[in-house]
Amino acid sequence: MKIECQLQKIDFYFQEGQRIWNTAPEQVVSRQFYELWENIQHPLPFTTENAEIELLGFKFELPDSSDQPWAYFCWDDQNGCAALQVECAEWKKKYLLCFSDGLPLVSEEETIFSGLDEINHGEKLEVIYDLIAHIRKTSPNTDIIEIKKKDFIVFLDQIGEIYDRKIVNSMRQMTLPFMKNMLKQALADFAVDEIGAQLSLPIGGDYSREQDLSPACSIRNLCNQVPAETGWTIKQNLNFLLKACRLKVQNESEFVFTFEHAEVLQTGQSEIAIKLRIAGDAPLRHGDILNIAIRGEKLLFGTFRVDIFDGDAVLGRLRCDDTGSFIELKKRLYGVQQKSPSAFIASMVEELISEIEKGADNIGVLAEIIGLCPIVFDLSNPSELHHEMDHSQHHAWSVATNPENHLTLIQGPPGTGKTYVLEQTIKEFCRRGMRVLVAAPSNAAVDNICRRLEGFPLLRLGKNVNSIAPDVATQNWIGEQTAIMRFVEMRRRNMSGSIYAGTHVGLLREDIIADDIMKNGLFDVIVFDEAGMAGLDEFLLCAKLAKRAVLFGDHQQLPPFPLPQEVLDRLYKESGPVTDEQRALVSRSALEWLIESRGCPVIMLQRSYRCQNPRLLRFSSTLFYDAAIRPSRQAEYYQLSYQERQLKFSAGTLRFYSTSALPPELRHEQLFFEGQKPGIANRSEAIICTMVFYEALKRYQLEEVTMIAPYRKQVMLIRSLLSRERASEVAMDSEISADRWDNFLNTRVATVDSFQGGESDMVIICYVRSNDNGSIGFIDNPNRINVAHTRCRRELGIVGDLVFLKKNSKNKIFERMARAFRRDGEIVEVRPEWLASSSTGKI
């Protein structure tokens, strides 16, 4: 969009303001006057073509940037005036557009730099952790809490060589109060006798510092109100989201891949294992099944199942009646996607926009979510605690069940009791006689909630009973007459509310929801679980069904499936200049968008009841939550004396087995087959995992050891290498029965995705990837790493090629991980002779 055209529009704003200033000055400086201008002029984002911008005859020089900045007009609620926002990847700058005694005035605000080399709070905390470890090792009698600034700098310089000089210089410039605060935060999960001379039990009966610390504020974006958006902004945002939905549908319908250059890996009677080179942004995910057709013919040739989509290659199985004709026909074969819900969602978004444009007032809490009206919050926390809840849990529950709050966001990091608070919230709603909807992005998540609501009137929605767990279907599925009768009887007997539970698409497609709203009005509340995995389009459509919404989730764990890059590229190209806020509409989960873009307050649950060993949680807590998450004071670590603690929770409970010193033929991954199904696996890492496992059985029961890998083929390989006989020989409790062993293999040797929400005393993680071409796949995804690293209670072992992972990761996460293991745990270099002696099962 040309800059001159858009700047002329703001000239009209000032001209009209000057014209009516003498008769209506209050109107000129009001938001309503700005919105009227927006609705007439329809301002759009535009790119700045020069290194300066001219407003009202004044020229303002822009900071240097590596790309072309873009700009847009908006209403600034904080300053109560119009504004021009100019931004690029490196910085943001705002110009306030005001009236002073009827004359136009442009006020330039300070530039906010946001370069990629900015040092975040978590990185600074990591330096503090290393500094504390250094002080405890070299000067054990130093009172760390009372350390002076000059001594702090001396110690900082002593460890500075392992950090970038920029970070060290930034730490040196910290003020004394800020330094003290960071030390206090870093020491929060230490036992009292680890930072001072006290060796006796404190009055509280444990070694936790909980009683020495004031309750941390569990609210981010603390505010009582989030202002409304302007009507033009809402229209632009929804139309942008609709365009993304339509392009996704178009991309899926146009997506075709051919088999002309397919590499046949293995051939069976009815299946062919195939490898295809394909664009990394193809709209594919693991488990997708595509229809395969022959050009010029109507009949299908077969189906293709995606087993691995790893960057630029797809490995999968072509299933057909005549595998022998594949080579002859492969130049004519092509694959297309089977039907997805994308077209349905796009049509629903289009219908929603039409309703809003017609002035529909029956869209429930959605009106506040998109900004048609302000969102008001009552975040007060009653002093009387709910039974069996800690401070942050009770605060979340109180705010969620407060009828004054139409929207509540609750972030539940791993092990903090998110599901328990969600369960208690839904039950409280039901006891109050409310009509409740429960939504989650997957059938498994919905079923897990249903199991926790036994004894309450609940119907599990869903058209296909095969996608619902059998135990849940029998008790609650809407297609079972006995389940419906039980539901009606419970409501009659208890005079309580009702609960309908389903996936997002399931709720939107179910006739009973529309019929209920037609008869009784909007539902009282909708509760979203795993909102950090919910796409914004489906979330907005579901929010329209109820008067209130409560979101539970964690946007630092597994995210929603992203739009293909091809869709994003077309969207940005067709839309012209795109602002950061518009990009957030199609790149963030519903929970993250409400927190980061709308600025809604979110209550974070802060105590981990899973982790019993602080050194295990410290890495993830610092990397993802600015060290706000720490073990509860009931953790076993804080119940033990110093000597007992050093024995049970030594540095060896956090150990990285690095294969980097092995020769390439031993440490590299391989391509394996199960029948015709291909997969990536690493035999050496699998062997090491089994050796670590056998050692773990000497300390933990079989059901308390879990082995996690990113690839299903690695999971299968580990299962095949494990021996029940050997496990029985070393097990701490008793001989392991065949049924018990099979249950262990099926539930405790798993992929990262399938084990989200699971936990055990010891977790062994295998990273698999190691090769000459630097291909690392998806394993350096920070959210997946967060999920994997937070499953353990007492001990964590990791197996991987650490040098390879650090070198080829697209971010610094493995470098930071290595520092954390050196500081709080151990890094063990695997030797070739270990593999040669693997039959002994000893490390």
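Modeller: Two strands pair if DSSP finds at least two bridges between them; helices (H or I, at least four residues) and strands (E, at least two) are DSSP runs, numbered from the N terminus. The model is predicted, with local features requiring pLDDT of at least 70 and side-chain atom pairs counting only at pLDDT 80 or more, while totals for chains, interfaces and linings use all residues. Residues are numbered from 1 along each chain as its sequence is written, and side-chain values use heavy atoms, with hydrogens and water left out.

Colleague: What makes strand E31 (residues 705-709) and E33 a pair?

Modeller: They are joined by 4 bridges and run parallel, where at least two bridges are needed. Within this pairing, Ile708 has Ile765 of E33 as its bridge partner, and Val705 stands opposite Met762 in E33.

Colleague: Which residue of strand E34 (residues 792-800) stands opposite Ile765?

Modeller: Ile798 of E34 stands opposite Ile765; E33 and E34 pair in the parallel sense over 6 bridges. The chain passes from E33 to E34 by way of helix H30 (residues 782-789) in a right-handed β-α-β crossover, a term meaning that, with the strands pointing away from the viewer, the path from the first strand over the helix to the second runs clockwise.

Colleague: Why is strand E33 (residues 760-766) described as largely enclosed by the rest of the structure?

Modeller: Buried means under 20% relative accessible area (1.4 Å probe, protein chains only), against over 50% for exposed and partly exposed in between. Of the 7 residues of E33, 7 are buried, so the strand is largely enclosed.

Colleague: What is the strand order of the open sheet of 6 strands, and which are its edge strands?

Modeller: The order is E32-E31-E33-E34-E28-E35, with parallel pairing. Strand E32 (749-751) and strand E35 (826-829) are the edges, each pairing on one side only.

Colleague: Why is helix H12 (residues 391-401) called roughly parallel to helix H13 (residues 418-431)?

Modeller: Their axes come within 10 Å and cross at roughly 30°. Axes are lines fitted to C-alpha atoms, for helices over the stretch in contact, and angles run from 0 to 180 degrees between N-to-C directions. Angles under 35 degrees count as roughly parallel, over 145 as roughly antiparallel, 65 to 115 as roughly perpendicular and the rest as oblique; H12 is therefore roughly parallel to H13.

Colleague: Which residues of H12 and H13 meet?

Modeller: With contact meaning heavy atoms within 4.5 Å, Gln393, Ala396, Trp397, Ala400 and Thr401 in H12 meet Val421, Gln424, Thr425, Glu428 and Phe429 in H13.
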